[in-house]
Amino acid sequence: HRLRGASVTPAFFRVFGVNAALGRTLSPALDGPGHPSTVVLSHGLWETRFGRDAGVLGQPIELNDQIYEVVGVMPPGFDHPGVSLWTSSKHAAPDPIFESGEDPGLDRGAEYIDVVGRLREEATLREADSELAFLWSRLVQSHPETHENEGIAVLFLQDAITEDIRPTLRILLAAVGVLLLIACGNVANLTLARVTGRSEELAIRQALGAGRFRIASRLLTESVLLAGFGGIMGGLVGLWISRVLLSVAPDGIPRVEEVGMDLRLVAFAVLLSAATGAMSGLLPALRGSSETPACYGLLGRSRFAGSRHQNRTRRMLVAAEVAFSLVLIVGAGLMIRTSIALSHVDPGFQPDRTSAAHLSLPEARYATESAISGFVRRVEENIRGRPGVQSAGMVLSLPIKSGLSGDFFFSIEGRSDTEGDQTRAGYQIATPGYFETLGIPLLEGRIFSEEEGSEDPPVVVVNQALADRFWPDQEVLGQRVTWDDPEGEEVEWSTIVGIIGNSLQGGLDREPRPEIFRHYSQAPLTYMTLVARGEAGAGPMASLMRESVTDVDPRIPLYGMSTMTDLLAGSMAERRFSMILLITFASGALLLTAAGLFGVLRYGVSQRSREIGIRVALGAQTKGVMGLVVGEGLGMTGVGVVLGMALALPASRLMQSLVFEVSPGDPLTYLAGISLTAVAALVACIPPALRAARTDPLSVLKED
């Protein structure tokens, strides 16, 4: 079985103020040098693998061929993303980037170790940042070789965890707010229409002595109760929608597995709905209670039209709904354009029919370079000999996913320009078969040879981005680089023998970064990624890859199995999720807006039935009557479009970090959004227009 653990200092648990639910956490006195290797289990691991057995304390377990003693179990809810156990940092297996036997905790150039701390009660983040900046300046003075070009920054842990997903969450919150405003406008519009339709009833109530406050409170109570019931129904719909959205949510969203409906969320939805009903019904309630019986003309009149002011209010609300929906439509359009642009980006490799999986060799069993190289060579030979497999290779880190392929400083023979990022590039290690398997083109020179080994002169292959950056107008082949101190006595220079095409790292929206590939046999690591290309499907290929590793060493598991096509699609998952969210909310907003426009026009037609009947009696044509209604609807839509354009441009600029190769003010997106809004408005106008065109003048004129 493969588990993911974290190497931490004993103070790690004290920082979070959490004690073990069973046993103890790590201790400097009990888990320091000279003491047995110890491990603390997560509550989930204790439940699933050890059956909640309290007797696990003190028991030995084997991790990476080393024995650890279980000293504690953490309580439920202590969530370290993806981590199932914690060991003391002094017992951590050497990092795969370091030479065998080195302790990464003693390396001053290590830039991937996370540091957490707790501020004093009276301290601020700015004060902590200032203090650490001072300490860092002292480190730069004492160790310029590793710290001169680096810096330090302090941020809250929650911000660090949610940094990548925060733009998507902000868009979600903004979209929900806009949709809520549109819903408020619809409720207010319908309530205004209902109040106007109840003019006679309200007038009679006032004539019989009902006060303004009593009428207003009655109307407001009706609105709140209606909204509260709508909130309950909406909660049920929201439960279904949330499950659908979670099914397409990208990996990496913190605590996404805890997202769901509970009593707190239902209560919040009902209260928010009631508050929405109160806000939406306040204006109609005030309107309905402010008129006197004389205003309604009770002397023989049986139909009452809303006042000019009320009609203008309803039109303004519809225009506002159109404006808000256009903002969401433009946002959805920008994300659609972004997804299309990303789908046309050349990743620099051929993902079709290629699968990948990670493997990690235990340091205790693979302690020498020859043992590691021998394992890799046998696995590659094993999988290449299987039917359906075209080629196979290994690499430190796959394209698109940065993984362990960090940036490292290197030196160029004959140069001293080491300031800033002048000599910094991505560090990769690969076997010769890797380039063929992923279809990465060779542009100049050659790739590694299978015959080259640790005894041969070191060679490297660089990508086009590195060649263009460091030797823009020079011959690249034959240049030499090193990761050692160029002034040292035992410096080892590696010769560039080939230039390959750029493969994107970190995402399709990133610029190609300079990368150097070392020959695997000359820098073997205990962590690698196996890639294989063949005619077999994803399932059969996964089985072939597992069998190839198991035949060499049955105790080495493959994990993180994926096709390169899925991996490529996963790199766009966050933007695709944002696009789905915006399309969902934009569709809802457009439907609500169309419903609001339909309701206002339909009510207007019913209130103007006498006028329309007279027009028809005097010879008005069907087209003219329909044009009257459609023109009114499109007029409200036009005002809303103008307001929406004014709101959409600054709102879309907030999405700058999510869009790719499309401007926030993209004319095509705005034109498409306006066209879609106009079509929806036209569809909403047609039923009321047809109803107006079918008005029978005789039946209408007989009503009074």
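**Close-up 1. Phe12 and Phe16, one helical turn apart.** Phe12 and Phe16 sit 4 residues apart in helix 1 (residues 11-16), so about one helical turn separates them. Helices here are DSSP runs of H or I with at least four residues, strands are runs of E with at least two, and both are numbered from the N terminus. This is a predicted model, in which local features need pLDDT of at least 70 and side-chain atom pairs count only at pLDDT 80 or more, while totals for chains, interfaces and linings use all residues. Residues are numbered from 1 along each chain as its sequence is written, and side-chain values use heavy atoms, with hydrogens and water left out. Phe12 is buried, at 12% relative accessible area, whereas Phe16 comes out as partly exposed at 27%. (Buried means under 20% relative accessible area, exposed means over 50%, and partly exposed is in between, with a 1.4 Å probe and protein chains only.)

Close-up 2. Searching the whole structure turns up 15 aromatic pairs. One of them is Phe12 with Phe16: the ring centres are 5.1 Å apart and the planes meet at 65°, so this pair is edge-to-face. To count as a pair, rings of Phe, Tyr or Trp (its six-membered ring) need centres within 6.5 Å; planes under 30 degrees apart are stacked, over 60 edge-to-face, and the rest tilted. Ring pairs also link Phe12 and Phe16 with Phe13, Phe78 and Trp86 in a cluster.

**Close-up 3. Phe410 meets Phe470.** Here is an edge-to-face pair, Phe410 and Phe470, with 5.3 Å from centre to centre and 80° between the planes. Phe410 belongs to the loop between strand 9 (407-409) and strand 10 (411-412), and Phe470 to helix 13 (residues 464-470), so the pair ties together parts that lie 60 residues apart in sequence. Phe410 is buried at 2% relative accessible area, and Phe470 is buried too, at 5%.

**Close-up 4. Strand 13, covered on both faces.** Of the 5 residues in strand 13 (residues 459-463), 5 are buried. Val459, Val461 and Asn463 are on one side, Val460 and Val462 on the other, and all are buried. Strand 13 runs parallel to strand 15 (residues 494-500), joined by 5 bridges, with Val459 opposite Thr495. (Strands pair when DSSP finds at least two bridges between them.)

**Close-up 5. Two residues with positive phi.** Most residues other than glycine have a negative phi. Arg353 is not a glycine, yet its phi is positive, about 60°. Arg353 is found in the loop between helix 10 (308-343) and strand 7 (354-360), and is partly exposed at 39% relative accessibility. Glu661 also has a positive phi, near 55°. Look for Glu661 in the loop between helix 18 (622-653) and helix 19 (667-693), where Glu661 is exposed, with a relative accessible area of 64%.
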